[in-house]
Amino acid sequence: NYIDTDIYNPKKINNKSREKLIKELGLKKNTPIVILVGRMIFSKGIKEFIDSSLIVKKVYNDITFILIGPEEKNNPDAVPSNYLMKLNKQPKYNHIKWLGFRTDIKELYSISKIAVLPSYYPEGGFPRAITEPMSMAKAVIASNSEDCKGPIEENIDGLLIPTKDKDQLAQKILMLLSNSKMLRSISKKAR
């Protein structure tokens, strides 16, 4: 999938847009954000994203996980509506925000520290949910599958995890959050 790096350019998002979005989402200015953009089907790694967030939350209480993507009503792999709704209602998941379909993806990437795609869906090798945040100079974590790992050079411009492994996903997120030098280096090289 082609990405226009001039359009997905972090320098084109101004601070006013970021501040407005942070306020809209009810976040504090320096809250670390982990983002997943994708269709709401389990094979995109939605459950692993949510489960890993519970592990990370034990270490970083002030963190937000943002899930972006529309419901898939007629897909046998669809994440059920009630599963998605509980994310915005149950206190256990108060650090997760499911925003549904959005058109301000670049802005959402711009306020995030890490983008993840723990997918085991046949992506085609260069998923936009990896290449877009890389173009926005964000650290990415993706499944080490033929369908996801294409754009990533391990430990240089992104990190890879085994598919369906919430523990490894949480561990890699924690590693980046606790090592700002590594986070900055991977983010810079991703661009």
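Visitor: Which lysine lies over the face of Tyr120?
Guide: This is a predicted model. Over the face of Tyr120, the distance to the ring centre is 4.6 Å, and the residue is Lys164.

Visitor: How far from the ring centre of Tyr8 is Lys106?
Guide: The cut-off is again 6 Å. Lys106 lies over the face of Tyr8, and its distance from the ring centre is 5.8 Å.

Visitor: Is Ser135 buried or exposed?
Guide: Ser135 is found in helix α5, residues 128-135. Beyond its sequence neighbours within four places, its contacts include Tyr8, Asn9 and Arg191. Buried means under 20% relative accessible area. Ser135 has 5% relative accessibility, so Ser135 counts as buried.

Visitor: How many aromatic pairs does the structure hold?
Guide: Ring centres must lie within 6.5 Å to pair. By that test, the number of aromatic pairs in the structure is two.

Visitor: What is the geometry of the Phe42 and Tyr83 pair?
Guide: Planes over 60 degrees apart count as edge-to-face. The ring centres of Phe42 and Tyr83 are 5.8 Å apart. Their planes stand at 70°, so the pair is edge-to-face.

Visitor: Which parts does the pair of Phe42 and Tyr83 tie together?
Guide: Phe42, at 23% relative accessibility, counts as partly exposed. Tyr83, at 15%, counts as buried. The pair ties together parts 41 residues apart in sequence, because Phe42 is in the loop between β1 and α2 and Tyr83 is in helix α3.

Visitor: What is the geometry of the Phe49 and Phe65 pair?
Guide: Phe49 lies in helix α2 and Phe65 in strand β2, so parts 16 residues apart in sequence are tied together. Phe49 is buried at 0% relative accessibility. Phe65 is buried at 0% too. The ring centres are 5.3 Å apart and the planes are at 65°, so the pair is edge-to-face.

Key. Residues are numbered from 1 along each chain as its sequence is written. This is a predicted model: local features need pLDDT of at least 70, side-chain atom pairs count only at pLDDT 80 or more; totals for chains, interfaces and linings use all residues. Side-chain values use heavy atoms; hydrogens and water are left out. Rings of Phe, Tyr and Trp (its six-membered ring) pair if their centres lie within 6.5 Å; planes under 30 degrees apart count as stacked, over 60 as edge-to-face and the rest as tilted. Helices (H or I, at least four residues) and strands (E, at least two) are DSSP runs, numbered from the N terminus. Buried means under 20% relative accessible area, exposed over 50%, partly exposed in between (1.4 Å probe, protein chains only). A charge sits over a ring if NZ of Lys or CZ of Arg is within 6 Å of the ring centre and within 35 degrees of the ring normal. Contact means heavy atoms within 4.5 Å.
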